[in-house]
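Here is a short tour to read alongside the sequence and the 3D view. Please keep both open as you go.

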Number of protein chains: 2
Amino acid sequence: MKKVLTYLKSNQTRFVGELAEYLKFPSVSAQPKHSKDVKSCANWLANHCRVIGLKTKVVSTAGHPIVVATTFVKRNSKLPHFLVYGHYDVQPPEPLDLWKTPPFQPRIVDGQIYARGASDNKGQHFAHLKAVESYLKTGTPLPCEITFVIEGEEEVGSEQLEPFLERNSSALACDAVVISDTGMPGKGRPALTYALRGIAALELLVHGPAKDLHSGIYGGSVENPAMALCVLLAKLRDARGRILVPGFYDRVVLLSRLERRQFSRLPFDAASFQKLLGSPKLFGESGFTSNEQRSARPTIEINGLTSGYQGEGSKTIVPAWARAKLTCRLVPDQRPAEIAKLLKQFLRKICPPTVRLVVSQGHGAEPYLVSPESRAARAALHALKSAFGSEPYLIREGGSIPIVNQFKRVLGVESLLLGLALPDDNLHSPNEKFDLDCFFGGMRMGAHLWPELAEAVRPSVNGR
Amino acid sequence: MKKVLTYLKSNQTRFVGELAEYLKFPSVSAQPKHSKDVKSCANWLANHCRVIGLKTKVVSTAGHPIVVATTFVKRNSKLPHFLVYGHYDVQPPEPLDLWKTPPFQPRIVDGQIYARGASDNKGQHFAHLKAVESYLKTGTPLPCEITFVIEGEEEVGSEQLEPFLERNSSALACDAVVISDTGMPGKGRPALTYALRGIAALELLVHGPAKDLHSGIYGGSVENPAMALCVLLAKLRDARGRILVPGFYDRVVLLSRLERRQFSRLPFDAASFQKLLGSPKLFGESGFTSNEQRSARPTIEINGLTSGYQGEGSKTIVPAWARAKLTCRLVPDQRPAEIAKLLKQFLRKICPPTVRLVVSQGHGAEPYLVSPESRAARAALHALKSAFGSEPYLIREGGSIPIVNQFKRVLGVESLLLGLALPDDNLHSPNEKFDLDCFFGGMRMGAHLWPELAEAVRPSVNGR
């Protein structure tokens, strides 16, 4: 391990230069004008993997290619096998005029490398590549086999990933997936993201009169569907932020003491959080902190409202219909289909007979949880601590990461989310950057991770 | 009077032909391509008034001209003076493919004349012109002076009418205004519309976070302004249809026994009314009939809702803001500014500190009421009974007719609304028509009206 770490340290300058080369590709997956750049980027990455010593191929898909690089030519079935997931595609850089330096001309200022894709996600998976390089180049035997799966469509929905996993499920059969594509709460505060919220989307359409009616001639003698919709929606939540749909919380796994302690460790300042939101006052389910509310508690959000006249001035109608788009954020062990059903049942029950309610169900995603006390999670925490020199945080994220569910569904394995991005890294925004200390820390984490993880999944130890 | 009525009867066929001529003009005030037609129509009408024997001028305005025709050259100050208001402009005929016959090629089928503008409003004021013609052509002395004011912009907001009234307020000083531009409850069921609802428009804008937020990352820790808006709106009304704004009903004049009896006389079938609305079930303030609810009771209607994402599928955001457009329909003696103020106060009081509420006030119109027991109203009722041979109805209409308030404000006089349109006349819709029996009845009403009205306003009798 010492050789590995020394190699990492002594080659830092070269690594930063290589990352800068990688960041020069405008691999914007969403913009057809960049499809050649996306391809060139994949080829550069594949070539780099080969130089490192990985067996590499560029796999064509119906969309952008996937770069697959392995530490083995033929798998040694006695060793555990891990996947490292990443994506070489980036968000569009627009609006360009808000960038202080051009998005595809990487520049280092105050220990930060500025470029589109720096932290999301090129810099993060590049740290893993460099860690593996240091094993290979120092001749240090890896205690496991590793396959890098670096796709080119994460920013446009990863549509080709699941078919790819399915086509290659036996070659990709593994013990766990490692993903560095999330964040850490602050510099020098490494973190394992052990839970994600799921989602259930619904659309409510309330039909009133057959067509918009003159509110002078008919108003008062017919239910206004916009009002009926508001009354329905207002009944979903109480003033303390508690969802009133019967059964909604039934499967919610309560936060453990350990988890709440972890939440309370997170750096948090109410005034700056409120300023960040720009809201007049913070609000959320009572009995929980803001961080708990936004990552460990389920919600029902109205994402959109539409009814009647929306232009300038006024139009005196009783609208024919009113619509609301809703999404519920779900936490373990809530199930999207069940929550959608409970919501539908409740809405149908409370809907007055004066309007007709149509509820249609949208997409759903399961919430995700890896026990922070599992052997794999503990191994990751050890690696984080060794790499960053401080007690890692255990965090939950409020959003969904669909690929995590794809790995679980297709390969039946858990993902360890070991994010290296800082809160001020401007992901998806102008002036995206990656902190070089996070880059170097990420490499060290990568170096420490493989012995820890290999040990954690060893059959002799965990009885598998 | 006998001579007058005989003249009306024996000239019916000619009158229908003249009305058909009048209806041929596509005097669509809203469409610039028809501005020449609007002008030609005004000139035709003015010429027709002159042929009848009226002193006539076409008054230019900043918009379409107003035709002014009087029974006098110099006013006889000993006689009462009445205005007859009408409008020669019409609604756009579109969609043209839904018309069974072309909108500006009048056609008579089953005693109905079909054309755009037939009942709204050419046919209705033409009946008044014919009634006055029968006085003038038979040499029967009129017991009053009459001024016809027929404008060309009613369908686009009558913006030039009030300045015109102001400029000519002394020439137009009068005892009352007669307007046939409303409806009757059914064939052979004449009616005096003695009350109209007023209006107060408001816009509510609820600000939440400074910008749309990711509902995964922040949802749960910040108030959703769309939800806050729904909660506010849901508190405006209870499940029995009663408005919950304190003071809202304070000035509402209760319906008298006479009025409720009049309401109960109106032909009404709940099943067909519901079918007309197309609503799953009737709904309104409990304790009142549908007709009372829609014309004699105040309301708060949501005319439009806007928030967040409105396109296909879903967008997982906490929207930055949510907006509702509201209008209150007001009844005597509610005051638009006061109601708007009460509503604002209530909303501000119940608005939580987690969002910022901005209420902006839109247009307002006073409700209108002529006592059905006033001398002028009784005179009109007599005329209606004589003309149609049945007991007239006293009705309230739920909409506003802004010109009525203009006449009151500028000239200080009441308007008698003696509508001749039937519920199935397709006003503002394809296949607009006017029932010829209503046309003939309207002429007879016009003939009977002047002696009755002149008598009603005579100083010696009513002590003025």
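## Where the two chains meet

G308(A) stands opposite G304(B), a residue of β11(B). The strands behind this pair are β11 of chain A (residues 299-308) and β11(B), which pair in the antiparallel sense over 5 bridges; strands are DSSP runs of E of at least two residues, helices are runs of H or I of at least four residues, and both are numbered from the N terminus. Two strands count as paired if DSSP finds at least two bridges between them.

Before going further, a word on the model: it is predicted, so local features need pLDDT of at least 70 and side-chain atom pairs count only at pLDDT 80 or more, while totals for chains, interfaces and linings use all residues. Residues are numbered from 1 along each chain as its sequence is written, and chains are lettered from A and ligands numbered from 1 in the order in which they are written.

How many residues of each chain are in contact across the interface? The answer is 68 residues of chain B and 68 residues of chain A, with contact meaning that C-beta atoms, placed from the backbone, lie within 7 Å. On the side of chain B that touches chain A, β11(B) gives the largest share, 9 residues. Other elements that each supply at least two residues there include α6 (225-234), α9 (290-295) and β14 (356-365) of chain B. This side divides into 26 nonpolar, 29 polar and 13 charged residues. Here Ala, Val, Leu, Ile, Met, Phe, Trp, Tyr, Cys and Pro count as nonpolar, Asp, Glu, Lys and Arg as charged, and the others, Gly among them, as polar.

## A covered strand in chain B

Strand β9 of chain B (residues 198-207) is mostly covered, with 7 of its 10 residues buried; buried means 20 or more other C-beta atoms within 10 Å of a residue's own, with C-beta atoms placed from the backbone.

| Pairing | Bridges | Partner of L202(B) |
|---|---|---|
| β9(B) with β13(B) | 10 bridges | L326(B) |
| β9(B) with β14(B) | 8 bridges | Q361(B) |

## Chain A as a whole

Chain A has 14 helices and 18 strands. Its radius of gyration is 25 Å, close to the 23 Å that the globule rule gives for 464 residues, so chain A is as compact as a globular protein of that length. That radius is taken over C-alpha atoms, and the rule is 2.2 Å times the number of residues to the power 0.38. Buried residues make up 52% of the 464 residues in chain A.

An automatic or database domain assignment gives chain A domain 1 (2-196 + 367-462) and domain 2 (198-252 + 298-365). Their centres, taken over C-alpha atoms, are separated by 40 Å. The contact between them takes 7 residues from domain 1 of chain A and 8 residues from domain 2 of chain A. On the domain 1 side, these residues divide into 4 nonpolar, 3 polar and no charged.

Strand β5 of chain A (residues 112-114) is joined to β18(A) by 3 bridges, and I113(A) has F434(A) as its bridge partner in β18(A).

How values were computed:
Contact = placed C-beta atoms within 7 Å. Buried ≥ 20, exposed ≤ 12 C-beta atoms within 10 Å, placed from the backbone.
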